[in-house]
Amino acid sequence: MKKLHKLFTLLFALVFCILFTWGCGKKAAECPFTTITWEHTLEDIQELEGTDSEAYDSTVYGGPVYSYPKEYDGLNGTVKYSFDENDRLVSMAWMYETGDSDDLLAVYDQIHKEAEDMLGKSGFKYNSDRFSDLASPGDVWYLETGNVILNTVDAEDVKILQYSFLHPDVSEGNPQDSKK
């Protein structure tokens, strides 16, 4: 039952990322947790990260996802490289899991500050009425170079932060722009 709940929570995090993968902005983002860029191949990733990865099929992008243990900002986590059906890299995400809500919020605040230092304020109005029912913090930067998403899931048995960089081809415009 716990595995099912954890899977459901991870799927929620993924759905959250998908719902907010709309990108239009003027800033460029360099992914801080890897030197891999959109032009790199699986072979390049294996050269950097090694060949001992967990791999599974992406239900979002149509290709494989390769997962590696990865330290970022002094924290042990997991980096995930997602490919589309044409074996093109379309998403890079670093995930941190903890057992403590306060730790999760502290890590979110730390990484959020670093993201704002790099990208500026996101312009995403997370605390608007539209998202008032969501308890876990998150933010999205809508950029021409691809969206950057920082979100958390804080459930009873799983507490996860995910920091995602999306290829421009899988990013879309800010849904709040149409509400103005």
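Leaving aside neighbours within four places in sequence, which residues is Ser-91 in contact with? They are Trp-38, Tyr-61, Lys-80, Tyr-81, Ser-82, Phe-165 and Leu-166. Contact here means heavy atoms within 4.5 Å.

This is a predicted model, in which local features need pLDDT of at least 70, side-chain atom pairs count only at pLDDT 80 or more, and totals for chains, interfaces and linings use all residues. Residues are numbered from 1 along each chain as its sequence is written, and side-chain values use heavy atoms, with hydrogens and water left out.

**The sheet**

- Seven strands form an open sheet in the order E1-E2-E3-E4-E7-E6-E5, with antiparallel pairing.
- Strand E1 (54-57) and strand E5 (138-141) are the edge strands, and each pairs on one side only.
- On average, neighbouring strands of this sheet are turned by 20 degrees against each other, direction ignored.
- Strands are DSSP runs of E with at least two residues, helices are runs of H or I with at least four, and both are numbered from the N terminus.
- Two strands pair if DSSP finds at least two bridges between them.
- Strand E3 (residues 75-84) and strand E4 (residues 89-98) run antiparallel and are joined by six bridges.
- Val-79 has Trp-94 in E4 as its bridge partner.

**Helices across the sheet**

- Helix H2 (residues 42-49) lies across strand E2 (62-72), E3 and E4, and runs at about 165 degrees to E3.
- Helix H3 (residues 101-119) lies across E2, E3, E4, E5, strand E6 (148-154) and strand E7 (159-166). Helix H3 runs at about 20 degrees to E7.
- Axes are lines fitted to C-alpha atoms, for helices over the stretch in contact, and angles run from 0 to 180 degrees between N-to-C directions.

**Two residues of strand E4**

- Ser-91 lies in strand E4. Its relative accessible area is 6%, so Ser-91 is buried.
- Glu-97 also lies in strand E4. Glu-97 counts as partly exposed because its relative accessibility is 39%.
- Buried means under 20% relative accessible area, exposed over 50%, and partly exposed in between (1.4 Å probe, protein chains only).
- Glu-97 and Leu-161 are 64 residues apart along the chain, yet 6.5 Å separates their C-alpha atoms.
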